[in-house]
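Please take a careful walk through the structure shown below, keeping the sequence beside it as you read. The paragraphs that follow begin with a single residue and widen the view from there.

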Amino acid sequence: MTKAELIAAMADGAGLSRDQAKKALDAFTDAVTGSLKRGQDVRLVGFGTFAAVNRAAGTARNPRTGQTVARPASKTCRFRVGEGLKSALNG
């Protein structure tokens, strides 16, 4: 599903215009991004949890040349599935 398809599904499901659904989706992603930047998890009960995690520095290999390169430490986001979503996927 693309962002445009998600916006259309949100608009149809909530009875909103596509512009309103786009604004709602943008507000949601901005809020999640802001919380993760501050180091706060975002928990949506029954759906899942977005969590910021630190990724240690290490080495990586360029698959084209085989050369080993240093990979700096960084932050990334992980998503843990909630019970409601897991049940919906498996039921």
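Ser35 has its place in helix 2, and the model in which we find it is a predicted one. Is Ser35 buried or exposed? With a relative accessible area of 13%, Ser35 falls under the 20% limit and is therefore buried. If its neighbours within four places in sequence are left aside, Ser35 is in contact with Gln40 and Val42.

From this residue we can turn to the helix that holds it. Helix 2 is made of 20 residues, and from its first C-alpha to its last it reaches 28 Å, which is close to the 28 Å expected at 1.5 Å a residue. Ser35 is one of its buried residues, a list that also holds Ala21, Leu25, Val32, Gly34 and Leu36. What covers these buried residues includes helix 1 and strand 1, together with strand 2 (48-55) and strand 5 (74-81). Just after helix 2 comes Gly39, which takes a positive phi of about 85 degrees.

Helix 1, named above as part of that cover, deserves a look of its own. Within helix 1, the residues Ile7, Ala8 and Ala11 are buried. Seen down the axis of helix 1, these buried residues fall within an arc of 100 degrees, so they line one face of the helix. As background, an α-helix has 3.6 residues a turn, so residues three or four places apart point the same way. The buried residues of helix 1 pack against helix 2 (18-37), whereas Gly13 and Ala14, on the other side of helix 1, are exposed. Helix 1 is followed by Gly15, whose phi is positive and near 70 degrees.

The last stop is the surface, which we reach by way of strand 1. Leu44 has its place in this strand, which covers residues 42-44. Because its relative accessibility is 31%, Leu44 counts as partly exposed, between the limits of 20% and 50%. Which residues form a nonpolar patch on the surface together with Leu44? They are Phe28, Phe47, Phe79 and Val81, and the patch that they form with Leu44 has about 400 Å² of accessible area together.

Key: Residues numbered from 1 in each chain as written. Predicted model: local features only at pLDDT ≥ 70, side-chain atom pairs only at ≥ 80, totals over all residues. Heavy atoms only, no water. Patch = residues over 30% accessible without salt bridge, like charges linked within 9 Å, V, L, I, M, F, W, Y side chains within 5 Å. Areas by Shrake-Rupley, 256 points an atom, 1.4 Å probe, with all protein chains shown as cover. Salt bridge = Lys/Arg side-chain N within 4 Å of Asp/Glu carboxyl O. Helix = DSSP H or I, 4+ residues; strand = E, 2+ residues; numbered from the N terminus. Buried < 20%, exposed > 50% of the residue type's maximum accessible area, 1.4 Å probe, protein only. Arc of directions from axis to C-beta. Contact = heavy atoms within 4.5 Å. Expected span 1.5 Å × (residues − 1).
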